[in-house]
Amino acid sequence: MPNASVCQGSQGSGDRSRSLVLVASMLLALAGRGAVAEDLVLNTLETRDLQLLYFDPQQTYLVPHVARSFHNSLAFQEKIFDWAPWNPQTFILLKDFADYGNAAATASPVNIVLLDVAPPSHAFETLPGSDRFYSAMNHELVHVVQGDVWNSTDAFWRRLFGGKVAVNSAHPESLIYHYLTTPRAVSPRWLSEGVAVFQETWMSGGIGRAQGAYDEMVFRAMVRDNAHFYSNLGLVAEGTHVDFQVGANAYLYGTRFVSYLAYTYSPQHVIDWIKRDEGSERYYAKQFRRVFGKDMETAWNEWVAWEHQFQRANLEKVRAHPLTPAQPVTRHTLGSISRSFVDQEQNAMVGGFRYPGVVAHVGAVSLDDGSLQRYVDISGPMLYQVTSAAFDPQRRQFFYTGDNTKIRDLMVLDLATGKARMLIRDARIGDLAFNRNDSSLWGLRHLNGYVTLVRLEPPYTEWRQVHTWPYGEVPFELDVSADGSRISMSMEKLDGSQRLQVYATRELLDGKSEPLASVSFGSAIPEGFVFTADGRYLYGSSYYTGISNIFRYELATGDLEVVSNAETGFFRPIPLADGRLLVYEFTGTGFVPSIINPEPLQDVSAITFLGTEVVEKHPEVKQWAVGSPARVPLQSLVTHEGTYHPLKEMNLSSYPIIQGYRGGTVLGWNWELADPILFNRLSANIGAGLDGEDDGNQWFHANLEYQMLDWRVQYWHNYADFYDLFGPTERSLKGDGYLLGYGKRFPGKIDLDATVEWYNGLDTVPGNQNVDADFKKLFSANLDLESQHTSKSLGAVDHEKGYIWNLGLTRDDASVGAASKFHAGFDFGFALPIHNSSIWLYNAAGAIDGDRDNTLANWYFGAFGNNYVDDREVKRYRDYERMPGFDIDEIAGQTFGRSMLEWNITPLYFEEVGKPGFYLSWMRSAVFAGALVTDIGNDRYEQTYSSVGLQVDFGFTFAHRMPLVLSLGFGQGFVDSDKAGNEWLFSLKIL
């Protein structure tokens, strides 16, 4: 379907034809280097149960280990859940599009797992150390199981619809079919993650977050600080939005609740909850009552009461030995904090901070009065570690990384001027450390699953490779001694063991990689170890004793001593000149900078882990360990190796649909044919009109679309759309449409979208439903560029600051003449001192040539533009063609300038409104005022219009994962200073 913003053109003279050829050639030239599916070559290794996709040769070395890890986990999952995968093969895609590893899985429409090859972040030991593919496979296949488990009832629906149906916003009826074919996928995220973490931990022999010291610390701190515990509804409605740990709360609460159930009842009860045998309930909550004999809310409340009792006992154990006093530097809880440094000139701690209500930034905390100072925003901040940082104290330059959740950029901030600049785009370098002896910058670079030590000299725009470790050895947390002679780092081994290692700088530069010293921490991670000014000690933190305490390592003697007894946990020590340490203390609401006196201790307190209680009460979980994947006889399982051919892997699903067409109803059927990686996707829907407008040739409706990575091709006849059932905005078009489109993202976050379109049999102008077309055939070529650079803080619903620019060029040709359009826009905004509140100004201007009596030679404006039920942007009044208070397409002009001022008011969050399957999460409000001038400079036609109004949006969630936004609003239009019309808005955005 054409975009509403697509403009139209003419066919006619030779000049026009030549211009069309020129525009089409430009589009094709721009698209010429775009990748189609066959250009992006993936290799594949296949077994009966697996199709593993990877890039050769970069990832070939990983393939055997990943394949063995899959089969090792699959055998256990099939056995314990009595599960036979619906699809003959599970697809796994190895990718390297981010500098920190992550993984994802889905079972609809096919079973697929996406794996990053980069090592994951272990910041604050939120993720225990173990081989990343081994643990990821054990975790992600549980997600596959949860979505794929089936019984005879589910099998009936899967056969009827040709497989498992994925949710499709163009056809929201698919929500029903999704539930019918994959009922257990309709569940809250905390359940999915909680069960996956629980299973992963015991499949890995007890190494995992279900026995994680960080998890214990979180709930211990919450009990100590009387922090609020969310209900199972409040967790998803509010807790994953406003708390500094945001989405990680789903893991924390989910894992804890599932572990409690396993401890109180049995691990088999947890398994029975997930299984989908013939007697099981379709809905997860009903299955819970069937298995546990009570409703889930009751069990959740019992867990919260039990957790308080359990952690109070732990706190008593901690207090059995004298606690290390910690003096807070500031009264502000700073949420997540990066590695930080003391800037002597201002006597302040400088680092990256991310906490609710304020956009993540580089800032400073005064060590004198605790006041906060903000320098510059951090793009793409990470949870917990925010950014990778280093500091040059002499020049007062703070090095940090941007785009931390993707491919990192290397940045530098001058504290004296407050100016930041990019040193290397897509550097992929982090774990930064500064050598004050020669002003060199050191870091660790992630690429193709390997970690490489690199060195940069001023001006830090090029890096030099020093050493690359083999797969399975992951160094992190660098530091350089003050004299530059030594480098320290933490090192994770393939078996999950952790060490602190110290190297001679000169030897590393000479190609020698043997450490001068190496200290084992077992499976506990040594984190944040830094040299003292005299180079005698290294201070760092570790959960070596079960609680994160500060340790001191003496290089000359090799002695390792614990120098704190923390009640919750101390992290990332910074040695001060007077011998004290600046540390992060964990609290129930985040990390707080504090100062302690490090004193060697003989005894520190121990705590009880819930995971330990589970295994002692239910020792059968010891039998869940799947062992080493090395024992899997992979070669005997391989059935094929070669190249991935998307067209050969297309899977079909289909289902009935309903659509709207010009006041009438269309009943039809939709077919979806796609390969698992979505390199190729063919969709087709065919329907027949039941009523409404019918001149004898509009009863039949068809829409066929073929999409590749960058290209799309579409044909429709009498285009119909589900959302036209609900008006007032109509997308339906009479006649036939042909579209060739190309879209691609370029460096600098620039998105290009180019289309060539041909229409026949039109009676309205595409994108302008109330403008009659005095032509039937139309050729249109369209080129759009857009770049967004916006950010928001924790707790925000909408963007809060930044800018967006766009440019558009269109050439239209029809029998009535030709028209060329150009428009440009620039939007910018800033955050207010009020949390999660902002001011934005949206600006656009455009011009068009041709005869103003030609319907193609005008811009058209008016209305909010939302349907009563919609799937597009909620705040449509921001679009340059919208003017609330006027009718759709009421205003016309050949040139225009438009500005809209908007105030976004702090959103409100709701914890207990609704039920887990359907609940209200937030409400946000905005007021706006805008002005539009048309036919600028034309004394005869120039006109000024204005619009003021408000919009209130309510964010709901349906079926646990499906977002709904109900919007209410009002707009008043003015012509010059006189009132024109007004408009009420009621719109429900689904999916």
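Which residues of α2 are buried? They are V63, V66, A67, S69, F70, H71, N72, S73, L74, F76, Q77 and I80, where buried means under 20% relative accessible area, exposed over 50% and partly exposed in between (1.4 Å probe, protein chains only).

## Before we start

This is a predicted model, in which local features need pLDDT of at least 70 and side-chain atom pairs count only at pLDDT 80 or more, while totals for chains, interfaces and linings use all residues. Residues are numbered from 1 along each chain as its sequence is written, and side-chain values use heavy atoms, with hydrogens and water left out.

Helices (H or I, at least four residues) and strands (E, at least two) are DSSP runs, numbered from the N terminus.

## Helix α2

Let's stay with α2, which covers residues 63-80. At 1.5 Å a residue, its 18 residues should span 26 Å, and its end C-alpha atoms are 26 Å apart, which agrees. The expected span here is 1.5 Å times one less than the number of residues. Just after α2, D82 takes a positive phi of about 50 degrees.

## The six-stranded sheet

An open sheet of six strands runs in the order β4-β5-β3-β2-β1-β31, with mixed pairing; two strands pair if DSSP finds at least two bridges between them. At the edges stand β4 (103-106) and β31 (638-643), each with a single partner strand, so one side of each is left without a neighbour in the sheet. Neighbouring strands are turned by 15 degrees against each other on average, direction ignored. Axes are lines fitted to C-alpha atoms, for helices over the stretch in contact, and angles run from 0 to 180 degrees between N-to-C directions.

Strand β1 (residues 43-47) is joined to β31 by five bridges, and the two run antiparallel. Here T47 stands opposite V638 in β31. Helix α2 packs on this sheet, touching β1, β2 (50-54), β3 (90-95) and β5 (112-116), and its direction makes about 150 degrees with that of β2. Helix α3 (residues 132-148) packs on the sheet too, touching β3, β4 and β5, with a direction about 150 degrees from that of β5. Contact means heavy atoms within 4.5 Å.

## Where α7 meets α9

Helix α7 (residues 213-224) and helix α9 (residues 248-264) pack at an angle of about 90 degrees, with their axes 11 Å apart. The two are therefore roughly perpendicular to each other (65 to 115 degrees; under 35 is roughly parallel, over 145 roughly antiparallel and the rest oblique).

From α7, the contact uses Y214, D215, E216, V218, F219 and M222; from α9, it uses L252, Y253, T255 and R256. These residues divide into six nonpolar, one polar and three charged. Ala, Val, Leu, Ile, Met, Phe, Trp, Tyr, Cys and Pro count as nonpolar, Asp, Glu, Lys and Arg as charged, and the others, Gly among them, as polar.

Strand β51 (residues 962-975) has ten of its 14 residues buried, so it is largely enclosed by the rest of the structure. Strand β50 (residues 943-958) pairs with β51 in the antiparallel sense over 14 bridges, and L968 in β51 is the bridge partner of V952. The two form a hairpin with three residues between them, and A959 in the turn has a positive phi of about 55 degrees.

What does β51 pair with over eleven bridges? Its partner is strand β52 (residues 978-990), again in the antiparallel sense, with L988 in β52 as the bridge partner of L966. This hairpin has two residues between its strands, and D976 in the turn has a positive phi of about 55 degrees.
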